[in-house]
Amino acid sequence: QVQLVESGGGSVQAGESLKLSCAASGLNYNRYCMGWFRQAPGKEREEVSTIDFGGYIRYADAANGRFTISKDNAKDTLYLQMNNLKPEDTAMYYCAADRSDGGLCRPDRRARADFRYWGQGTQVTVSS
């Protein structure tokens, strides 16, 4: 049984940093597309960043230059380092995993947030 558990969210001031973690069980990170998504109240879930089975990384425009995704395959843990946080980053952040495309992170699947496995989310709140 696959389980993804996020942690590291919290309430911070604008300009501060947070590091999110996603601990996985029941799957091999090396074989999956892994990603971070977020959803603000009243908005659709959106991609933040993904990393495929080979380590290829993509960032959404809002995250590029401020966020860094990484994974520790030995620990089966995915990370999202978020720097220079802004109030518009306030959202529930979700970890997700999918292997529908052999571990690749297809653009259409990322855009639809169409991933097979999801964590329960961790809240990030940024105040100005």
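The model is predicted, so local features need pLDDT of at least 70 and side-chain atom pairs count only at pLDDT 80 or more, while totals for chains, interfaces and linings use all residues. Residues are numbered from 1 along each chain as its sequence is written, and side-chain values use heavy atoms, with hydrogens and water left out. The structure holds eleven salt bridges, two disulfides and five aromatic pairs.

**A glutamate without a salt bridge**

- E6 sits in strand β1, residues 3-7; strands (E, at least two residues) and helices (H or I, at least four) are DSSP runs, numbered from the N terminus.
- E6 is buried, a word that here means under 20% relative accessible area, with exposed meaning over 50% and partly exposed in between (1.4 Å probe, protein chains only).
- E6 has no salt bridge, and the nearest side chain of opposite charge, R45, is 7.6 Å away. For charge, Lys and Arg count as positive and Asp and Glu as negative, while His and the chain ends are not counted.
- What does the side chain of E6 reach at 2.9 Å? It is the backbone nitrogen of G121.
- A polar atom of the E6 side chain also lies 2.7 Å from the backbone nitrogen of C95. A polar contact is a pair of N or O atoms within 3.5 Å; within protein, one must be able to donate a hydrogen and the other to accept it, and residues adjacent in sequence count only if both atoms are side-chain atoms.
- Leaving aside neighbours within four places in sequence, E6 is in contact with residues including C22, W36, Y94, C95 and G121, where contact means heavy atoms within 4.5 Å.

**Salt bridges**

- A salt bridge is a side-chain nitrogen of Lys or Arg within 4 Å of a carboxyl oxygen of Asp or Glu.
- R38 pairs with E46, with the closest N and O atoms 2.7 Å apart. R38 is buried at 8% relative accessibility, whereas E46 is partly exposed at 37%.
- D98 and R109 form a salt bridge whose closest N and O atoms are 3.7 Å apart. This pair links distant parts of the chain, with D98 in strand β9 (residues 91-98) and R109 in helix α1 (residues 107-111), eleven residues apart. Both D98 and R109 are buried.
- D101 bridges to R106 at 3.4 Å between the closest N and O atoms. D101 is buried, with a relative accessible area of 17%, and R106 is partly exposed at 37%.
- Which residues are linked in a network of salt bridges? The network joins D98, D101, R106, D108, R109, R112 and D114.

**Disulfides**

- A disulfide is counted here when two cysteine sulfur atoms lie within 2.5 Å.
- C22 and C95 form one, with their sulfur atoms 2.1 Å apart. The torsion about the S-S bond of C22 and C95 is about -75°, so this disulfide is left-handed.
- C22 lies in strand β3 (residues 18-25) and C95 in strand β9, so the link ties together parts 73 residues apart in sequence. Both C22 and C95 are buried.
- C33 and C105 form a disulfide with sulfur atoms 2.1 Å apart, and 115° about the S-S bond makes the link right-handed.
- C33 lies in strand β4 (residues 33-39) and C105 in the loop between β9 and α1, so this pair ties together parts 72 residues apart in sequence. Both C33 and C105 are buried.
- Counting bonded cysteines along the chain, the disulfides follow the pattern 1-3, 2-4.

**Aromatic pairs**

- Rings of Phe, Tyr and Trp (its six-membered ring) pair if their centres lie within 6.5 Å; planes under 30 degrees apart count as stacked, over 60 as edge-to-face and the rest as tilted.
- There are five aromatic pairs. The rings of F37 and F115 have centres 5.0 Å apart and planes at 70°, so the pair is edge-to-face.
- F37 is in strand β4 and F115 in the loop between α1 and β10 (117-118), 78 residues apart. F37 is buried at 0% relative accessibility, and F115 is buried with a relative accessible area of 6%.
- Y94 and W118 are also edge-to-face, at 6.3 Å centre to centre with 80° between the planes. Y94 lies in strand β9 and W118 in strand β10, so the pair ties together parts 24 residues apart in sequence.
- Y94 counts as buried at 13% relative accessibility, while W118 counts as partly exposed at 26%.
- Ring pairs link F37, Y94, F115 and W118 into a cluster.
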